[in-house]
Amino acid sequence: MAEPMVPNPRRAELQRLLAEVADRAHEVRQAYQRASSAMRSGKVWTGPTAATWTTELEDRHQRLGRLAQRVMDAIEEELRRQPAMVTESQADTMRREMAGRI
């Protein structure tokens, strides 16, 4: 008789992680928007130094967004590799491995 199939616990953990990272990525994408908008308004600080600082701020903002997306992409890629169902013994092994990382 074949071993019963159960939901993959690693897949469930990756889905939870992806949801958490998506929330953080949203925060990251909005991290500098207020400051950037204020600087672009010309009411906060003006001049060449302000323009340079604003450009650097926006570059960092864009870089953070790209890095957050790379993290999400990596988790999604790993999620695609994981089968939805695994044998009970495979699930037990996965749970032990995940518990050992805590």
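This is a predicted model: local features need pLDDT of at least 70, side-chain atom pairs count only at pLDDT 80 or more; totals for chains, interfaces and linings use all residues.
Start with charge. Side chains of opposite charge can pair when their charged atoms come close. A search of the whole structure finds 8 salt bridges.

The opening stop is R10 and E97. These two side chains form a salt bridge, and their closest N and O atoms are 2.6 Å apart. R10 belongs to helix α1, which covers residues 9-30, while E97 belongs to helix α4, residues 88-100, so the bridge ties together parts that lie 87 residues apart in sequence.

Next come E58 and R40. Their side chains meet in a salt bridge, at 2.7 Å from N to O. E58 sits in helix α3 and R40 in helix α2 (residues 33-41), so this pair links parts that are 18 residues apart in sequence. R40 has 52% relative accessibility, and exposed means over 50%, so R40 counts as exposed.

E77 pairs with R81, and the closest N and O atoms are 2.5 Å apart. Both residues lie in helix α3, 4 residues apart, which is about one turn of the helix. E77 is partly exposed because its relative accessibility is 38%. R81 counts as exposed, because its relative accessible area is 52%. Salt bridges can also share partners: in this way E13, R16 and E20 are joined into one network.

Now turn to the aromatic rings. A pair of aromatic rings is described by the distance of the centres and the angle of the planes. The count here comes to 1 aromatic pair. That pair is W45 with W53. The ring centres are 6.0 Å apart, the planes make an angle of 50 degrees, and the arrangement is tilted. Are these tryptophans buried, exposed or something in between? W45 has a relative accessible area of 38%, so it is partly exposed. W53 is partly exposed as well, because its relative accessible area is 38%.

The two tryptophans also belong to a surface patch. V44, W45 and W53 form a nonpolar patch, with about 310 Å² of accessible area together. V44 is found in the loop between α2 and α3. Its relative accessible area is 53%, so V44 is exposed.

R60, R63, R66 and R70 gather on the surface in a patch of positive charge. R63, one of these arginines, lies in helix α3, which covers residues 48-81. It counts as exposed because its relative accessibility is 52%.

The last stop is G65. This glycine is placed in helix α3. Is G65 buried or exposed? Its relative accessible area is 15%, and buried means under 20%, so G65 is buried. From G65, look along the chain to R80. The two residues are 15 residues apart, and their C-alpha atoms are separated by 23 Å.

Key. Residues are numbered from 1 along each chain as its sequence is written. Side-chain values use heavy atoms; hydrogens and water are left out. Patches are made of residues with over 30% relative accessible area and no salt bridge: like charges are joined within 9 Å, nonpolar side chains (Val, Leu, Ile, Met, Phe, Trp, Tyr) within 5 Å. Accessible areas come from the Shrake-Rupley method with a 1.4 Å probe; for residues, only the protein chains shown count as cover. A salt bridge is a side-chain nitrogen of Lys or Arg within 4 Å of a carboxyl oxygen of Asp or Glu. Lys and Arg count as positive and Asp and Glu as negative; His and the chain ends are not counted. The place of a charge is taken as NZ of Lys, CZ of Arg, CG of Asp or CD of Glu. Buried means under 20% relative accessible area, exposed over 50%, partly exposed in between (1.4 Å probe, protein chains only). Rings of Phe, Tyr and Trp (its six-membered ring) pair if their centres lie within 6.5 Å; planes under 30 degrees apart count as stacked, over 60 as edge-to-face and the rest as tilted.
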